[in-house]
Amino acid sequence: MKTLVLLFIVLTVDKGYCTETGDQVLSITPTTQEQVDIVRNVSTQYETTLWQPVSHQYIKEETTVHLFVPANTSGAVRGLLHKHAINHEVLLANTNELIEMQTKNDSSDPRSSSTFYERYHTLEDIYYWIDRITQDNPSTVKAILIGSSSEKRPLYALKLTLNNRPNKKAMWIDCGIHAREWIAPAFCLWFVHYSLSYYNINQDITSILDNMDVYVLPVMNPDGYKYTWTTNRMWRKNRSVSRSTNCFGVDLNRNFDANWCTEGASPEPCSEIYCGAFPESEPESEAVANFLRSHKNSVQFYLSIHSYSQMLLFPYSCTLEEAENHSDLLEMAQEAAQKIQRYYRNIYKYGAGAKTIYLAPGGSDDWAYNLGIKYSFTFELQDRGSYGFLLPPSQISRACNEAMIAVKTIALKVIEKTQYPTSSPRTA
Ligand code: 0X9
Ligand code: ZN
């Protein structure tokens, strides 16, 4: 009898109909146009969230889709995929466990302070961290209030000034435009900590900070980030209220004035890639744009941190045309990707956004580029879909270290090209 029961469980689990599954992520590969249409329908008509691609219109033949499926719809969705013989497998069997791992913050752990940067943090913790880091480093770290979110939370950018040379140039890094990409804010915190800890110890970061101030916006979309901790871990957009529908949120990376709302963005408020009512309609994107407009003479390098898929992208994403300094940008991204591969044995794709992933207008990188910040990049950090947005805390240090290598490589190149055109940057 026991063996029979066991056999039944194994069979049902194997067929994917086990009723005790939690929320899942499925990896689905449609091979015909008919299957593409079915997967599109599944992703729009059931309570699911597309992880990859970001919106149903990008689903195409022979390209793998990562679809988050809550436990209550899993039976129906998997039944449909079976019925139409659409290739699929369970990528993550129980996302609830992974979410628990990401949100567990055991402050009774005696090692907790040393592992602060290897954990994810709530929005409140990040605001508290901003307070602490500015108080503890009054001569080197300043918090600048650049605006507020649609729910009126403050947007603080940190300014790191490790060296008081006159007329210093600067670089900008923002993290967390997309709420569910938690590794991004974790990277911004990591970057600040690394800069303060390794200035005058690591030659590359010393050279960068001697030649540039750094503006770091740790959470560009605080309302969305808060929402991912409290209500829906899969939320992407900000949380602004739409007048015409019951849907919330604008995709802040479609809200900038760079071929705004053309192909690759949506005018529908319910879409994950909703471009908003007009360019910079959202206070978060407006705040960043205003800040960069008023600092465009000093900021030489713009960087926006996202996840996942391991890519180093540069303009353009809003058109298939090449940027005027395309070969420079390509060379820099290639060098950064090669270093990641050499030191961490990890592969990053690189290239112009539109050709490397998809046309996606209204992004901050293209807008910053058109403003005159000629070294403009978007990094998509780890991983390539093993855990996706639910990257375990144990992977934070590797993900951040490899991103640090890329940032350092590109920042040094920017300094070399713009400040010391014929030699390499001076070190301290
Ligand atoms: O689609 C995006 O906004 C980014 N990918 S993500 O999966 N993190 O959503 C890519 C942004 C590339 N740059 C622009 N679209 N401008
Ligand atoms: Zn993103």
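Modeller: Let's start with Ser55 and Gln57, whose side chains are joined by a polar contact of 2.8 Å (N or O atoms within 3.5 Å; within protein, one able to donate a hydrogen and the other to accept it, with sequence-adjacent residues counting only through side-chain atoms on both sides). Ser55 sits in the loop between β2 (49-52) and β3 (65-69); helices (H or I, at least four residues) and strands (E, at least two) are DSSP runs numbered from the N terminus. With a relative accessibility of 4%, Ser55 is buried (under 20%; exposed is over 50%, partly exposed in between, with a 1.4 Å probe and protein chains only). Beyond its neighbours within four places in sequence, Ser55 has contacts (heavy atoms within 4.5 Å) with Leu50 and Ile273.

Please keep in mind that this is a predicted model, where local features need pLDDT of at least 70 and side-chain atom pairs need 80 or more, while totals for chains, interfaces and linings use all residues. Residues are numbered from 1 along each chain as written, chains are lettered from A and ligands numbered from 1 in the order written, and side-chain values use heavy atoms, without hydrogens or water. The mean pLDDT (the predictor's confidence in each residue, from 0 to 100) is 93 for the protein chain, with 91% of residues at 70 or more. Residues 1-19 stay under 50, and the model gives that stretch 8 contacts beyond four places in sequence.

The histidine pair links distant parts of the chain, 128 residues apart: His178 is in the loop between β7 (169-175) and α6 (183-198), and His306 belongs to strand β9 (residues 299-307). Both His178 and His306 are buried.

Ligand 1 has 16 residues around it, and the closest are Arg236, Arg254, Tyr358, Asp365 and Glu380 (a heavy atom within 4 Å). The side chain of Arg236 places an N or O atom 2.6 Å from a ligand oxygen, and a polar side-chain atom of Tyr358 lies 2.7 Å from an oxygen of ligand 1. Ser317 contributes a side-chain N or O atom 3.2 Å from a nitrogen of ligand 1. Taken alone, ligand 1 exposes 420 Å², of which the protein buries 95% (Shrake-Rupley areas, 1.4 Å probe; for residues, only the protein chains shown count as cover).

Finally, some backbone details. Most peptide bonds are trans, and most residues other than glycine have a negative phi. Pro315 and Tyr316 are joined by a cis bond with omega of about 5 degrees, and Tyr316 is in the loop between β10 (311-314) and α10 (326-344). The bond from Gln382 to Asp383 is also cis, with omega near 0 degrees. Cys261 has a positive phi near 60 degrees and is partly exposed at 21% relative accessibility. Glu280, with a positive phi of about 60 degrees, is buried at 14%.
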